[in-house]
Amino acid sequence: MKGQYTNYTHRTGKIGKARADDVSIHFKQAVEIASTIRGMPVKRAKQFLVNVMHQKEAVPFRRYRYGIGRNAQGKAWKWAQSGFPKKASKYMLDLIRTAENSARQQNVNVKKCTIDHVKVNEARVRSRRTYRAHGRINHFDKHPCHIEIILKEREIAVPKAAEKKE
């Protein structure tokens with residue numbers, strides 16, 4: 001169904017959330033970015049996406065890796081095949097900022113937030129035509145996606161106090 005988040009009722013505490021439907025970015029690139037930033041602190045994830053856009057850090061392509069070239073910057077992730085999906089990084093960065101603003105409205109300390117949940121679903125394929133030489137026509141498809149992000153304030157583990165001996 002359009003306009004509904006996945007079931008996140010098991011996520012207790014205050015959260016910030018954002019979603020985008022029919023985003024005009026490649027589904028496969030969005031999946032790889034999502035798997036990379038999942039679990040990161042928000043500040044680090046934002047910096048990572050900015051670095052990807054400036055080609056200072058690379059996104060490792062682990063699942064959809066065929067046809068992806070190797071890059072020396074993938075060594076940071078212990079994976080050779082990596083790339084710089086700029087447009088997808090820009091959309092993800094905007095979505096993280098939207099989720100941050102949603103968290104601020106719920107009085108959540110954004111500095112302590114991590115990316116708790118990122119989900120990328122395939123949207124309906126957009127089919128078009130391209131006109132070729134000698135009067136031929138070929139089709140080409142666009143594969144957009146739906147993205148949702150949920151931020152959660154991480155709990156700080158407090159060590160158990162030692163029992164006093166009398």
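In helix 3, the buried residues are Ala88, Ser89, Met92, Leu93, Leu95, Ile96, Ala99, Glu100, Ser102 and Ala103. The model is a predicted one. An α-helix has 3.6 residues a turn, so residues three or four places apart point the same way.

The length of helix 3 can be checked. Helix 3 covers residues 86–105, which is 20 residues. At 1.5 Å a residue, the helix should span 28 Å. The C-alpha atoms at its ends are 29 Å apart, which agrees with that expectation. After helix 3 comes Asn107, with a positive phi near 60°.

Next, the core. In soluble globular proteins, nonpolar side chains tend to be buried together. Here the largest nonpolar core has 35 residues. Ile37, Met92, Ile115, Val120, Ile147 and Ile149 touch the most other members. Strand 1, helix 1, helix 2, helix 3, strand 4 and strand 7 each give two or more residues to this core. Helix 3 provides the largest share, seven residues.

Which residues does Ile147 contact, leaving aside neighbours within four places in sequence? The contacts are Ala18, Arg19, Ala20, Val23, Ile25, Met92, Leu95, Lys119 and Val120. Met92 and Leu95 are among the buried residues of helix 3.

Ala34 is part of helix 1. Its relative accessibility is 2%, so Ala34 counts as buried. Not counting residues up to four places away in sequence, Ala34 touches Met92, Val118 and Val120. Met92 and Val120 are also contacts of Ile147. Ala34 and Ile149 are 115 residues apart along the chain, yet their C-alpha atoms are separated by 9.1 Å.

Now the strands. Strand 7 pairs with strand 1 in the antiparallel sense, over seven bridges. In this pairing, Ile15 stands opposite Lys152 of strand 7. Strand 7 also pairs with strand 4, again in the antiparallel sense, over nine bridges. There, Lys119 has Glu148 of strand 7 as its bridge partner. Is strand 7 largely enclosed or largely open? Eight of its nine residues are buried, so strand 7 is largely enclosed by the rest of the structure.

The aromatic rings come next. A pair of aromatic rings is described by the distance of the centres and the angle of the planes. How many aromatic pairs does the structure hold? It holds two. One joins Phe27 and Tyr64 edge-to-face, at 6.1 Å centre to centre and with 65° between the planes. Phe27 lies in helix 1, while Tyr64 lies in the loop between strand 2 (59–60) and strand 3 (82–83). The two residues are 37 apart in sequence, so the pair ties together separate parts of the chain. Phe27 has a relative accessible area of 11% and is buried.

The other pair is Phe48 with Trp77, also edge-to-face. The centres are 5.7 Å apart, and the planes make an angle of 80°. This pair links distant parts of the chain, 29 residues apart. Phe48 sits in helix 2. Trp77 sits in the loop between strand 2 and strand 3. Phe48 is buried, with a relative accessible area of 0%. Trp77 is partly exposed, at 23%.

Finally, the backbone. Asp22 has a positive phi, near 50°, in a residue other than glycine. Asp22 lies in strand 1. At 30% relative accessibility, Asp22 counts as partly exposed. Gln55 is another residue other than glycine with a positive phi, here near 60°. Its place is in the loop between helix 2 and strand 2. Gln55 is partly exposed, with a relative accessible area of 42%.

Key: Residues numbered from 1 in each chain as written. Predicted model: local features only at pLDDT ≥ 70, side-chain atom pairs only at ≥ 80, totals over all residues. Heavy atoms only, no water. Helix = DSSP H or I, 4+ residues; strand = E, 2+ residues; numbered from the N terminus. Expected span 1.5 Å × (residues − 1). Buried < 20%, exposed > 50% of the residue type's maximum accessible area, 1.4 Å probe, protein only. Phe/Tyr/Trp six-rings, centres within 6.5 Å; stacked < 30°, edge-to-face > 60°. Core = buried A, V, L, I, M, F, W, Y, C linked by side-chain atoms within 4.5 Å. Contact = heavy atoms within 4.5 Å. Pairing = 2+ DSSP bridges.
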